[in-house]
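Here's a quick briefing to read with the model open beside you.

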Amino acid sequence: MNTFEDITIKYSSKLVQITCDETLKDYLDEKGNGALKLSGYILEEYKKCQGKPLKISKDSLAIEILAHTYIDSFSQAISAADKVLPAALRGPLEKLMDNLRSHTGIIDCGETAVDNNRWIWDMLTPYKGLIYGALGDRA
């Protein structure tokens, strides 16, 4: 268990778990902070703790953090992008958004081997400009 700016983060093999609470939201709402900054820290700290890099890109991790933390805003951004997203992604993404709404207390960010949703976050990285733009400074 570790903290960064009072955000609780747990590191284990192929997985990082972030407590999604007011502390995380307050951090993301502060000017100069954002999910990209937090993702960079997490990836560096994971490497120190586990002795090897976490096989998740900085953008994929940031998008997952934003999706869990701001599910309503994120859902609106995805709905706005619906026409440009690949058809194969639309159904699974809507199902995931429904699931996220009911399970947002802990953000489980795992490598593909342990996280069956990693492919969705990875497939959203080409749309990071749209997602980050919709969520503003929080990105």
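Arg-118 forms a salt bridge with Glu-64, and their closest N and O atoms sit 2.3 Å apart. Arg-118 belongs to helix 6 (residues 118-124) and Glu-64 to helix 3 (residues 58-69), so this pair ties together parts that are 54 residues apart in sequence. Keep in mind that this is a predicted model: local features need pLDDT of at least 70, side-chain atom pairs count only at pLDDT 80 or more, and totals for chains, interfaces and linings use all residues. Residues are numbered from 1 along each chain as its sequence is written, and side-chain values use heavy atoms, with hydrogens and water left out.

**Salt bridges**

- A search of the whole structure turns up 4 salt bridges (a side-chain nitrogen of Lys or Arg within 4 Å of a carboxyl oxygen of Asp or Glu).
- Arg-118 also forms a salt bridge with Asp-115, with the closest N and O atoms 3.5 Å apart.
- Shared partners join Glu-64, Asp-115 and Arg-118 into one network of salt bridges.
- Arg-118 counts as buried because its relative accessibility is 1% (buried means under 20% relative accessible area, exposed over 50%, partly exposed in between, with a 1.4 Å probe and protein chains only).
- Glu-64 is buried too, and Asp-115 is buried at a relative accessible area of 10%.
- Over in helix 2 (residues 35-50), Lys-48 and Glu-45 lie 3 residues apart, about one turn of the helix (helices are DSSP runs of H or I, at least four residues, and strands are runs of E, at least two, numbered from the N terminus).
- Lys-48 and Glu-45 form a salt bridge, the closest N and O atoms being 3.9 Å apart.
- Lys-48 is exposed at 63% relative accessible area, whereas Glu-45 is buried at 14%.

**Helix 1 and its cover**

- Leu-24, Tyr-27 and Leu-28 are buried in helix 1 (residues 22-29).
- These three cover an arc of only 95° around the axis, which puts them on the same side of helix 1 (the arc is taken from the directions from the helix axis to the C-beta atoms).
- Among the elements covering those buried residues are strand 2 (7-12), strand 3 (15-19), helix 2 and helix 3.
- At the start of helix 1, a side-chain oxygen of Asp-21 comes within 3.1 Å of the backbone nitrogen of Thr-23.

**Leu-130**

- Leu-130 lies in helix 7 (residues 128-135) and is partly exposed, at 40% relative accessible area.
- Leu-130 and Ala-81 are 49 residues apart in sequence, but 7.7 Å apart in space, C-alpha to C-alpha.

Methods. Contact means heavy atoms within 4.5 Å. A polar contact is a pair of N or O atoms within 3.5 Å; within protein, one must be able to donate a hydrogen and the other to accept it, and residues adjacent in sequence count only if both atoms are side-chain atoms.
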